[in-house]
Amino acid sequence: MKWLAVSMTVPGELAEAVADVLARFAPSGTAVSGVPPLDTADHLTVQAYLEEPSAGPDAKRRIAEALWHLSQITPIPEPSFTWIEEEDWAESWKEHFRPLSVGRRLVVVPAWLANDEPERLPIVLEPGMAFGTGAHPSTRLCLEALEERVRPGDVVVDVGCGSGILGIAAARLGARRVLACDIDADAVAAARRGAELNGLTGTIEVFHGSVAEAAARLSQRKADVVLANILAPTLEALLRAGLIGLARRDGVIVLAGILSGQRDGVARAAEKAGLRLTAETAEGDWVALIFRKA
């Protein structure tokens, strides 16, 4: 059997939108990756793979049509289409991934590569269907925020955990308990696999759910740090659903996945919920907001 590889290199702020479009046609999911040359450091590679029976000319036409609609909102390059033999498929999608240093102490390492920076704390991942490989600016902003704020013995909650990268980082930084949840079954499976790869199943508890399910598992011990790296409208919905209730008094809440034009709306919703903005960071068009619970 052959596979049709669809690949696009796009500005970082468009990677998630392109991945969402390609995911409609690729049941096995999409991968966002890349540590590109410095002169194109704001670009990421989005890949999707379609099995031969469903990857005929009509599939190419429908993909091109869906991407054309996206291009009417913002310019994007044309996708490349390449046929790959069955025996090459399992390795071909890995070629864009490299270890990625983040902040002062962390390094994201694909599971099939060695960590060439042993002085850094490794986050071992199998990038694939679940969003969150460290390549996206919003993920890096969250990792940097964790590095500055997680203390040994902390309890950390990651709502919308994706690949589980942030929970793994929190555990590496000394958190004694991490709750990681997502409403997507593929993300839950990927996050559990990530906890296993890193030998952290005793620290990281991965489960299907959102705010209510996390609150039930916290019981009397509220979180020292709460994370949500999703999209701005979802962040506002989570705030209305009681996200703030997961944190202890004076606890840290990190909100990311926010485009610069959405920053004020999320900040207003957070302050209305009872949070106090203490810091913010940005990379390109992406913003992370750090709050304290009053």
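Q: Which residues is Asp 182 in contact with, leaving aside its neighbours within four places in sequence?
A: This is a predicted model, where local features need pLDDT of at least 70, side-chain atom pairs count only at pLDDT 80 or more, and totals for chains, interfaces and linings use all residues. Residues are numbered from 1 along each chain as its sequence is written, and side-chain values use heavy atoms, with hydrogens and water left out. Contact means heavy atoms within 4.5 Å. By that rule, the partners of Asp 182 are Gly 160, Cys 161, Gly 162, Ala 187, Val 188, Phe 207, His 208 and Gly 209.

Q: Which side chain of opposite charge is nearest to Asp 182?
A: Lys and Arg count as positive, Asp and Glu as negative; His and the chain ends are not counted. A salt bridge needs a side-chain nitrogen of Lys or Arg within 4 Å of a carboxyl oxygen of Asp or Glu. Asp 182 is buried (under 20% relative accessible area; exposed is over 50%, partly exposed in between; 1.4 Å probe, protein chains only). It has no salt bridge, and the nearest opposite charge, 12 Å away, is on Arg 192.

Q: How many disulfides does the structure hold?
A: A disulfide is a pair of cysteine sulfur atoms within 2.5 Å. The sulfur of Cys 181 is 6.5 Å from the closest cysteine sulfur, in Cys 161, so it is too far for a bond. The number of disulfides is 0.

Q: What is the relative accessible area of Cys 181?
A: Cys 161 is buried at 4%. Cys 181 is buried too. Its value is 0%.

Q: What is the phi of Asp 250?
A: Asp 250 is partly exposed, with a relative accessible area of 36%. It is not a glycine, yet its phi is positive, at about 70°.
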